[in-house]
Amino acid sequence: LYRLEKWMSPHLTTISRAFCAEEYILDTDQLLSEIKVINEATKSIPVKKRPKPYLHTLDVAALYPSIRPEEAMKSIRVALGRDSTTAQNTKDALIEFSQLIFDLSYVKCKDKCYKPLVGIPTGGCNSRQTADILLHSLVEVVKDDIKLWKFIKLLKRFIDDFFGLWTGTVRQFHQFVDQLNSASAPFGIKFGDFEIGHTVNFLDVTLYIDSEGIIQYKLYKKPTDSRLYLKTSSFHPPHIFDSVAYSQMLRVWKRNSTEETAKSDLDELVEDLIKCGHQQSTLDQLKEKMLHNQSTQREDKPVVKDTITAIINYSAESKELKALLKDLEPDIQKLSGIDTQVLVACRKGQTIGSKTVKNGKLCHTENMNQLSQRCGSSNCKGCKLLCNTGEIFHVNGKDIAVPNRFNCKTRNALYIAQCKICHDKPEDNTYGGQTVQPFHKRVNGHRSCFVPDKIETIEKSALAEHCHYKHGSQDLDLNNFKFMIYNRVNAIDLNRHESRLITGLRTNVLGLNRMNIQK
């Protein structure tokens, strides 16, 4: 069902946004853009004649468990009927798959599966789109039946959270909520929480109407918000901490419509960041940078005809080098004779992981199981093919013992495969190969060629070709081979070492390795 929902999600997202465009908002930024448009229209009216409506919010109680699947399906059909961009066969599939998801969805807890008795899946990929479509259908149905709806001058919605302007009285708004709940009952929807006044909290902003009838806003912080940010004592590059602080400052600034409230929230943010280990001097510089960027208009940058990119390893001197190259940019332009921009790209510096876990000298991909070359993973198909440590491969008069240093996860490996059906014969039963990727993935590549009745696929693998032509299709199975990882070398030396292995074992003459004959 999850993959089915992933396919449906982009289609339903496009359809739901078009269907709900009248009241739909994506995030706080879109809401604030709508409010700025309203404020511009209000400013054109003389102050004494400006209306001062109430602000209100509505919230659906237990949204997803309250949605009735049959009503959701009706709303989805209405939305698909109005859509003119989606192919009909896709619409039919969306209807059928939506019903299938409603019928078969379940929750797994402690090895037991539970099927919901009411509502739609809470964590489904398409639950939000379904809720958007149903709530918009609800609004279309009930607004003509509720006489008090005429007092709503603006209605915007983020999923199940409504925000709007109310021109009636507070008492009338309470009556409106009662009527709305009665009209919404057939849909299974009930508006439990609501707020009305000249100040309300919606999403992450507090909205209020000032003395001139303009809607202002400031950052809203929930009482449970601990304001804990990434501590500077954690192992991250220095620029990460600066980025966290700068982005939070920028968010505070954008969530405030007045400079007074913005500076107050910025001061509070700085105090919280200091508690997390940030330095006051650094925060002051970031704050000044942010205020400067927001107060000045960016000039159009000249067209750069050429770009020089300098790639360096990240270090403490990276900032100084960037500043130096920036200062030298005019000189570089004079020397080159064209408008040139110098960019500095920093590679990720060394970490604990790169020094230990990924360091070949400190952490070999050796086999921790000294008895075999198997990695021990429960889902590894390569383990079944590898041999025990010390087992002997007899290849054209040479005896090769299975080493214990490697396993299924070894990369850049040389390996030997030997047919178990004809292992007692001295020739044409052994293959030598190489792989850059982990050994178990290379084995899967061989396995994919063991396809009955598909000669072109079989001939892509010397092992599959041997089974097919030597033993017949009844023995076309990779499990008829046993494998050993012979050695591990540097990737650039794989071809040379593979050639030595094949030549030394003579598997290109008396074996399964194919010979390249040239005139």
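Which residues in helix 8 meet which residues in helix 10?

1. Basis of the note. This is a predicted model, in which local features need pLDDT of at least 70 and side-chain atom pairs count only at pLDDT 80 or more, while totals for chains, interfaces and linings use all residues. Residues are numbered from 1 along each chain as its sequence is written, and side-chain values use heavy atoms, with hydrogens and water left out.

2. Contact of helix 8 with helix 10. From helix 8, Asp242, Ala245, Tyr246, Met249, Leu250 and Trp253 take part; from helix 10, they meet Thr282, Leu283, Leu286, Lys287, Lys289, Met290, Leu291, Asn293 and Gln294. Contact here means heavy atoms within 4.5 Å. By class, this contact has 9 nonpolar, 3 polar and 3 charged residues. Nonpolar covers Ala, Val, Leu, Ile, Met, Phe, Trp, Tyr, Cys and Pro; charged covers Asp, Glu, Lys and Arg; the others, Gly among them, are polar.

3. Geometry of the pair. The axes of helix 8 (residues 238-254) and helix 10 (residues 280-295) come within 10 Å and cross at roughly 45 degrees. Helix 8 is therefore oblique to helix 10, a class left for angles that are not under 35 degrees (roughly parallel), over 145 (roughly antiparallel) or 65 to 115 (roughly perpendicular). Axes are lines fitted to C-alpha atoms, for helices over the stretch in contact, and angles run from 0 to 180 degrees between N-to-C directions. Helices are DSSP runs of H or I with at least four residues, strands are E runs of at least two, and both are numbered from the N terminus.

4. Cysteines. With a disulfide taken as a pair of cysteine sulfur atoms within 2.5 Å, the count is 0 disulfides. The sulfur of Cys113 is too far for a bond because the closest cysteine sulfur, in Cys109, is 10 Å away. Cys467 is also in no disulfide, and the nearest cysteine sulfur, that of Cys419, is 5.4 Å away. Cys113 counts as exposed at 52% relative accessibility, whereas Cys467 counts as buried at 0%; buried means under 20% relative accessible area, exposed over 50%, and partly exposed in between (1.4 Å probe, protein chains only).

5. Positive phi values. Most residues other than glycine have a negative phi. Asn412 has a positive phi of about 50 degrees and lies in the loop between strand 13 (398-401) and strand 14 (413-419). Asp453 has a positive phi near 70 degrees; Asp453 is in the loop between helix 14 (439-447) and helix 15 (455-458) and is exposed, at 74% relative accessibility.

6. Ser16. Ser16 belongs to helix 1 (residues 2-19) and is buried, with a relative accessible area of 3%. Leaving aside neighbours within four places in sequence, Ser16 is in contact with Gln129, Asp132 and Ile133.
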